[in-house]
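Here is a report on a predicted model.

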Amino acid sequence: MVPRPANQEALTFPAEPLLVVDGLDVTFAADPRSVPAVRDVSFRLDRGRCLALVGESGSGKSVTARTLVGLTGGRSTVTARRLAFAGEDLTAFTEPRWRTLRGRRIGLVLQDALVSLDPLRTVGAEIAETLRTHRVVPRAGLEARTLSLLTEVGVPEPEQRARQYPHQLSGGLRQRALIASAIAAGPDLVLADEPTTALDVTVQAQVLDLLRRRKQDGAALLLISHDLAVVGGLADDIAVMYAGRIVEEGPAAQVLGDPRHPYTRALLDAVPVTHAKGARLAPAAVRHPAPTPSGCPYAGRCPRSDLRCRDQLPERVVIPTRPDVAAAEPGVADGRPTVGTGHAALCWYPTVDAPAVLDAVDDRPASGAGPGVGRPVTAAALLEVDGISKRFRSPDGTSRAAVRDVSLRLHPGETLGIVGESGSGKTTVARIVLGLLEPDGGTVRFAGRPWGGSGVREPDRRGRRRHIQAIYQDPLGSFDPRYRVERIIGEAAATAGVTRAGRGARVAELLEQVGLSADLMGRRPLELSGGQRQRVAIARALAPGPDLIVCDEPVSALDVSVQAQILDLLAGLQSELGVALLFISHDLGVIHHVSDRIVVMKDGAVVETGEVAQVFAHPAAGYTRELLAAVPRPVGGRTAPPDRGASTRVVVTTPPAP
Amino acid sequence: MTAMAVADPALLTHPPVTGDRTRRRLSRPGVALAGVVLVLLTLVAVDPGLFTSTAPNETDLARALSGPSGAHWFGTDQLGRDMFARVLYGARPSLLVGLGSTVFALLGGTAVGLAAALGGRVGDEALMRLVDVLLSLPPLLLALLAVTVLGTGTVNVMLAVAIAFAPGYARIVRAEALVVRRSGYVEAAVGLGLRRPVLVARHVLPNTLGPLLVLGTVGFGTSVIYASGLSFLGLGARPPSPEWGAMLSEGRDFLSSAWWIGVFPGLGITVAVIAVNVVGRYAQQRFAGRAR
């Protein structure tokens, strides 16, 4: 436990919570007019509580957090009826005063620890700096305190780690070191901005557990995330933000168990782990005209919106507590009242039972009717991977096995998921299957003919390449930067024998198939949004008319709601075209949702394989159980996970390397 | 309502973007001027007759060695030839040698660099060690060596200067090509089953050359200087043909009595090189700003 200094300001205002935000507006000056990033945001947060701000990119959640440490930048205007931390009025703060606050009393944890930590300083020096700046401990005690902090955040061998540089640590250790430096001075408030995005599930569970312990030690925690599942196990209260406004807020169990705002529902439905294969994740695309500036910002995307929504901002409606939901909430079980104003939604129609809108689409293909399931196993395999292995040479001369004796079977029209943490060799397998890398041993056969391994000549394979296509995590990098959308897709279409004259029509057709307007043909990839880029990548992968598409982390870089749309698109295209998918992801939820069968990989070897429902319900390997236990799920979510209760089990120890 | 403003510029999370382009254009009158000079130089090189009616080799001994005047803006040389006309007519051979040598250097450098980047480990090692050897020699020495082997004359000077600069380009092309070769889009093109020559021509080469072409404009200025230098040494264009380097060499003998014979051709070289460099560097910055 970090010794906390007596907080006099807080003592003089015993009635007020630690953090009070009331009517916060943040506007950025930009050409040609100013952009409101945060509008009329109010919340309260007390010690020992966790408030989660949830929303997609651009919803204003990060800006709100930055406001609390005075880091919104010089082009911003911040106004608020009240903005107070421990009784001090933050609106009156000058830069020197902010500096006494940052790190000392408000700790900031950012998403990417590799960027946030100084690459030229050891981890120990980084943590010691916070201690030194705020004179938390005497100089002589610096080293001991640094080591005890590293131990506290669960870093093994702290003496050794403290002397290492950020790039020498794994992602999880780095994130923990960053948290250690953020909490070094024992701040009363910890701001965690997407602290687990881009981390493997087991590491993510460890980081979340670490934050939970800070909360139990009495710190207030403001958690920012785009993922309701991550937030579920940790937050006491949840505020869902959209277009700079809080559209729904309340105790976590209420918001997750009884969501009233259509956007909250859409976010919850986008969490793939709670939905079986075949269920739609995103609501059917709604294309309403854009709302007027005074209307509800969500009206353009909302299935419920009507004329009033477009013209008039809804009033905040207090939602009565549903007793069955409240009972399950651990946060109020200890008798403490919630910090916020109770469950409320910014919607004209919060009582309309919206599942009708979503679930009507939900049942589209029953999971049993999905392609691949029920297909006779005797059908000839499309892809046969037999005992492939691959070693890579490190700069120091030693060689490392990236893939060890991996065998796979993939049948036409089937989806095989490969799941594993970073470094498990999934991408190496993908590259070998794509014929971009030759295995050291073993063979790959595609459509009954040799495809990879010894004795396969590239000129023979080249003509067949169009039958295996790929979708990558970073679509932008996979497009020639000089090309426009038309040429990117047109080049791929040409390999299927589309003539130059017919290419424009074919590209338009493909764009429509992936849900894009043909108007985008003249755009460059840089001018597209992340979701649009991935759709263009899918259109390109479809263009040659492939039998197999290798998807390497295709949705990992996307927001939950965009991810849901892309997964729906892939599922729809698969049932329409009967293409087989080899789907690689570190995200068990995504894998569970898309796959017929899965392969679990660890350290280059297959740990477990089987039907997806079978593996998720009765994991045989210890490692699979560990992975599954670490998956965060929205607590009290509407759809219960198929195999376990709502609680989140957490793995605290790193599995030992073999 | 209370207002709060964070004013510390060091804390700007987003650099100001507004009006950046306009400001940059206004703050760069030099670029505009260099552009105008470059256009004029091009016109002069294409048709010097547009700017003067005097022939460059018309001698008039009666007017020999007269200083700049209304009739002869740049004065006359020891044979009474009009220096203004000679400087104008000298633009074409001088700039052409610079342009030609740059083009040859780029072509040779690209060929060697691409071959090294795409030709496997052995080819890469062999070519790059050769490039290292050539780069260890000062370019002027290399050019002189080449002229010694090839013989004197305008075309040979052009080739010699190209040989002097090609190794540098080769190294840049190789580095760029290695990056492009490992990029996602080249991999995606391999996955489409494109044949290797098509792949190189369609994706590798164009994406490699982008930065190189900008570098070439700056290199052009240097080539003009080297070509003029070789002419000055009497290895390139021969008198009486008007060429800035050769004219500079002639003017050297009269520097104490008739400064204009040497100064104006020298000024021609200086102005041309500076104009090209300024425009080239501007293009370089614009290109770097637009690259991903």
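The text below takes confidence first, then the sheets, then the helix packing.

**Confidence and conventions**

This is a predicted model: local features need pLDDT of at least 70, side-chain atom pairs count only at pLDDT 80 or more, and totals for chains, interfaces and linings use all residues. Residues are numbered from 1 along each chain as its sequence is written, while chains are lettered from A and ligands numbered from 1 in the order in which they are written.

The model scores ipTM 0.71 and pTM 0.73. Chain B has an average pLDDT of 84, with 89% of its residues scoring at least 70. Residues 1–23 of chain B fall below 50 in pLDDT. Beyond near neighbours in sequence, that stretch has 29 contacts in the model. Here pLDDT is the predictor's confidence in each residue, from 0 to 100. A contact needs two C-beta atoms, placed from the backbone, within 7 Å.

Helices (H or I, at least four residues) and strands (E, at least two) are DSSP runs, numbered from the N terminus. Two strands pair if DSSP finds at least two bridges between them.

Eight strands of chain A build an open sheet with mixed pairing, ordered β7-β8-β9-β3-β10-β11-β13-β12. Its edge strands are β7 (106–109) and β12 (316–318) of chain A, and each pairs on one side only. Neighbouring strands are turned by 15° against each other on average, direction ignored.

β11 (residues 245–251) and β13 (residues 344–346) of chain A run antiparallel, paired over two bridges. Glu249(A) has Ala344(A) in β13(A) as its bridge partner. Helix α12 (residues 262–269) of chain A packs on this sheet, touching β3, β10 (237–242) and β11 of chain A. The direction of α12 makes about 105° with that of β10(A). Helix α9 (residues 201–216) of chain A lies across β3 (50–54), β8 (189–193) and β9 (220–225) of chain A. Against β9(A), α9 runs at about 150°.

**The six-stranded sheet of chain A**

Another open sheet of chain A has six strands in the order β19-β20-β21-β16-β22-β23, again with mixed pairing. β19 (468–471) and β23 (605–611) of chain A each have a single partner strand, so one side of each is left without a neighbour in the sheet. The twist averages 15° from one strand to the next.

β19(A) pairs with β20 (residues 548–552) of chain A in the parallel sense, over four bridges. Ala470(A) stands opposite Val550(A) in β20(A). Helix α17 (residues 426–433) of chain A packs on the sheet and touches β16 (415–419), β20, β21 (580–585) and β22 (597–602) of chain A. Its direction makes about 150° with that of β21(A).

**Helix pairs**

Two packed helices are described by the angle between their axes and the distance between the axes. Axes are lines fitted to C-alpha atoms, for helices over the stretch in contact, and angles run from 0 to 180 degrees between N-to-C directions.

| Helix pair | Axes come within | Crossing angle |
|---|---|---|
| α5 (residues 123–133) and α8 (residues 171–183) of chain A | 8 Å | roughly 20° |
| α2 (residues 29–46) and α3 (residues 83–118) of chain B | 7 Å | roughly 95° |

The crossing angle makes α5(A) roughly parallel to α8(A) (under 35 degrees). For the chain B pair, it makes α2(B) roughly perpendicular to α3(B) (65 to 115 degrees). Leu41(B), Val44(B) and Ala45(B) of α2(B) make the contact with Leu88(B), Ala91(B), Arg92(B) and Leu95(B) of α3(B).

Terms used:
Angles under 35 degrees count as roughly parallel, over 145 as roughly antiparallel, 65 to 115 as roughly perpendicular and the rest as oblique.
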